[in-house]
Amino acid sequence: MKIITTEQIEESVYRAFLRAGKRIVPAYKAKLADARTCESNPRTVFALDFMIRNAELAEEKNLPVCQDTGVACVFLEIGQEVHIEGDFIEDAVNRGVRRAYQDGFFRKSVVDPLTRKNTQDNTPAACHYEIVTGDKLKITVLPKGFGSENMSKLYMLSPTVGREGIVRAVVDTVRQAGSLPCPPVVVGVGVGGTFDTCAFLAKKALLCPTGQSTGRSDADGIAEECLAKINELRIGAQGFGGAVSALDVRILTAPTHIAGLPVAVNIQCHCMRCEEEIL
Amino acid sequence: MRTIRLPEDVSLFPTLQVGEAVLLSGTVFTARDAAHKRGIPFDLNNQTVYYAGPCPTPEGAVVGSMGPTTSSRMDAFTPALLDGGLKGMIGKGARSKEVVDAIQRNGAVYFAAVGGAGALYASCVKAVEVVAYPDLLCEAVRKITVENFPVLVAITPNGSVYD
């Protein structure tokens, strides 16, 4: 058994969000630079140059990359041999979020859905807990902007549509989103499970490091096909037209019912901000 | 790249070419979802609106990160503002047919900014003042002074749309 305190959890959440708000994940920043070399349209080059320069400026000046510092999504993978001591874990997570958004000069964008009253500290975080094997506690944070979140979709497809139907759902979602979600986008896809778990998988898929297998080669193959077809849409950076409309597509799966094929498509803008801490 | 002074150069709007990159300098007003829903409480004749809600201002800075938000969420409110004299809009992403028609009807322009470039656009802002709805926090209406603020001309006064 390993003891982890809620104070440690608070500090990890705080540190991870402070980093995340101010930098694009290096592998995705490199993909933006790669995209720049693929484009010839001067407007698209203009957009990519500013995206790249903006990411550099944010790091130099210690400023948020994008003013939409999002809903604070927090994924906690808790080893079953971990014992958590202190107060309520979610209060600790929210304290970390509150301090990071205050100290980082991040925008507070969270409101009550009905009254639209701002909570003024960007809490509550959207927390996802998973119990895993081992004695570690992994915290992954994703400040999720809503220009892209708004373009996300969930489909309850017929099981007989198969692979072709999955690809069509993903590509159609990105086509309909067009210029709105700040392309080139990253696409997280959940396939299978139930209505709720499918949407969770789509968000979790965004966390899968780019350039590495998600652990399932057939799903990776479908993701590659989706990426190629998305780039054929020629949406380009900021919708200005071009060869690179998405930086990556990541697919996670879960067993589902004989009668169904849920597919969730979660869109992430080019400002891919994601950091982790392991306790 | 041409520099367009706001609001003085609205007379030059008819000369702007679709897809042209320009630098904006001068006065613009920020307003986004909540302020559009309440209604802009002053005259926007010949003015330009920037769809944005900034991050808090760090010590010693003029403003926090301040990139454009998705313009299409404002589409339902925009034709009435254009018919009331609004001449320019800065945001990101495509607009509805109703907005394109209202732009053409009123000789206005829609400028597309680069989404996500919050730190870069903040560096182009030289002054900020909240002029309405301070209770809306980041969504309050601000009068801002910009210098060499880079954008593309996305919809021209004759209704040409960059796509």
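This is a predicted model: local features need pLDDT of at least 70, side-chain atom pairs count only at pLDDT 80 or more; totals for chains, interfaces and linings use all residues.
No salt bridges are counted between chain B and chain A.

**The interface of chains A and B**

On the side of chain B that touches chain A, the helix α4 (118-122) and the strand β7 (141-155) of chain B each contribute at least two residues. The residues on this side of chain B comprise 21 nonpolar, twelve polar and four charged.

The size of an interface is often expressed as the accessible area that is lost when the parts come together. For chain B and chain A, the area buried between them is about 2700 Å², and 67% of it lies on carbon and sulfur atoms. Of the area that chain B buries against chain A, 19% comes from B:Val114, B:Leu120 and B:Tyr162, more than from any other three residues. Counted by residues, the contact involves 37 of chain B and 32 of chain A.

**Two sheets in chain A**

One open sheet of chain A has four strands in the order β6-β9-β7-β8, with mixed pairing. Its edges are β6 (153-157) and β8 (246-254) of chain A; each has a single partner strand, so one side of each is without a neighbour in the sheet. From one strand to the next, the twist averages 15°. Within this sheet, β7 (residues 185-192) and β9 (residues 261-268) of chain A are antiparallel and are joined over six bridges. A:Val189 has A:Val265 of β9(A) as its bridge partner. Helix α7 (residues 195-207) of chain A packs on the sheet and touches β6, β7, β8 and β9 of chain A. Helix α8 (residues 217-232) of chain A lies across β7 and β8 of chain A.

Another open sheet of chain A, also mixed in its pairing, places four strands in the order β4-β2-β5-β10. Here β4 (126-132) and β10 (275-278) of chain A are the edge strands; because each has a single partner strand, one side of each is left without a neighbour in the sheet. The twist in this sheet averages 15° from one strand to the next. Eight bridges link β2 (residues 71-79) and β5 (residues 137-144) of chain A in the antiparallel sense. In this pairing, A:Ile78 stands opposite A:Leu137 of β5(A). Helix α1 (residues 6-20) of chain A packs on the sheet, where it touches β2, β5 and β10 of chain A.

| Helix of chain A | Strand of chain A | Angle between directions |
|---|---|---|
| α7 (residues 195-207) | β7 | about 145° |
| α8 (residues 217-232) | β8 | about 145° |
| α1 (residues 6-20) | β5 | about 40° |

Most peptide bonds are trans, and most residues other than glycine have a negative phi. In chain A, a cis peptide bond with omega of about 5° joins A:Pro183 and A:Pro184. A:Pro184 is located in the loop between α6 (162-177) and β7 of chain A. In chain B, the peptide bond from B:Leu6 to B:Pro7 is cis, and its omega is near 5°. B:Pro7 belongs to the loop between β1 (2-6) and β2 (21-30) of chain B. A:Phe105 is not a glycine, yet its phi is positive, at about 55°. The loop between α4 (89-103) and β4 of chain A holds A:Phe105.

How values were computed:
Residues are numbered from 1 along each chain as its sequence is written. Chains are lettered from A and ligands numbered from 1 in the order in which they are written. Side-chain values use heavy atoms; hydrogens and water are left out. Two strands pair if DSSP finds at least two bridges between them. Axes are lines fitted to C-alpha atoms, for helices over the stretch in contact, and angles run from 0 to 180 degrees between N-to-C directions. Contact means heavy atoms within 4.5 Å. Buried area is the accessible area (1.4 Å probe) that two parts lose on being put together, summed over both. A salt bridge is a side-chain nitrogen of Lys or Arg within 4 Å of a carboxyl oxygen of Asp or Glu. Ala, Val, Leu, Ile, Met, Phe, Trp, Tyr, Cys and Pro count as nonpolar, Asp, Glu, Lys and Arg as charged, and the others, Gly among them, as polar.
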